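This report describes selected helical and side-chain features of the structure shown below. The model is predicted.

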Amino acid sequence: MNRLPALVYLLGYAGLLPFIAGPLWWTLLPDSVPPWLDGLWLRYAAMIASFMAGTLWGLALPTAEGPNGLIGMALSTVLMLLAWLAASLPFTPAIVALAAVFVLLVAAEVWRERVLDPLSGYFSLRLSLTLGVLVCLVWRGLLN
């Protein structure tokens with residue numbers, strides 16, 4: 001198995017920056033937080049959850065004619081729809097629902113690693129990024 005390119009790690013961890021920015025702003029400068037920040041932050045979280053669900057779709061595609069590929073594509077679709085529905089909730093329930101979606105994404109990745117072809121380093125990257133996302137979701141939720 002080949003190791004993931006460094007750019008994958010760079011882009012993955014750079015994707016955490018908006019997750020960190022929202023709660024950090026609320027923590028350090030709460031009086032200067034613009035009214036649009038939470039909505040934008042929540043939409044970003046839902047977009048990333050949907051994007052991650054889409055990666056599962058892409059990894060399942062090579063086996064789409066078999067049952068495991070179909071399961072992977074169905075999981076991907078359900079997770080994307082759950083992220084979309086979570087984003088439609090009021091702010092605090094949306095944070096909880098999106099956290100659940102990210103946990104389900106990790107569970108789907110565990111399945112993918114066992115059933116579909118594993119990628120060297122991909123699962124550990126996804127796990128560490130998801131932990132970062134969950135910390136930020138909890139952090140922002142606690143600031144309410």
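## Helix H2 and its packing

Helix H2 spans residues 16–28 and contains 13 residues. From its first C-alpha to its last, H2 reaches 18 Å, close to the 18 Å expected at 1.5 Å a residue.

Leu16, Phe19, Gly22 and Pro23 are the buried residues in H2. The partners against which the buried residues of H2 pack are helix H1 (6–14), helix H3 (37–60), helix H5 (91–115) and helix H6 (122–142).

## Aromatic pairs

Three aromatic pairs are present in the structure. One of them joins Phe19 and Phe102 in an edge-to-face arrangement, with 6.2 Å centre to centre and 85 degrees between the planes. This pair links distant parts of the chain, since Phe19 lies in helix H2 and Phe102 in helix H5, 83 residues apart.

Phe19 has a relative accessible area of 1% and is therefore buried, the cut-off being under 20%. Phe102, at 3% relative accessibility, likewise counts as buried. Ring pairs also bring in Tyr44, so that Phe19, Tyr44 and Phe102 are linked into a cluster.

The side chain of Thr55 makes a polar contact of 3.2 Å with the side chain of Tyr122. When residues up to four places away in sequence are not counted, Thr55 touches Glu109, Tyr122 and Arg126.

Terms used. Residues are numbered from 1 along each chain as its sequence is written. This is a predicted model: local features need pLDDT of at least 70, side-chain atom pairs count only at pLDDT 80 or more; totals for chains, interfaces and linings use all residues. Side-chain values use heavy atoms; hydrogens and water are left out. Helices (H or I, at least four residues) and strands (E, at least two) are DSSP runs, numbered from the N terminus. The expected span of a helix is 1.5 Å times one less than its number of residues. Buried means under 20% relative accessible area, exposed over 50%, partly exposed in between (1.4 Å probe, protein chains only). Contact means heavy atoms within 4.5 Å. Rings of Phe, Tyr and Trp (its six-membered ring) pair if their centres lie within 6.5 Å; planes under 30 degrees apart count as stacked, over 60 as edge-to-face and the rest as tilted. A polar contact is a pair of N or O atoms within 3.5 Å; within protein, one must be able to donate a hydrogen and the other to accept it, and residues adjacent in sequence count only if both atoms are side-chain atoms.
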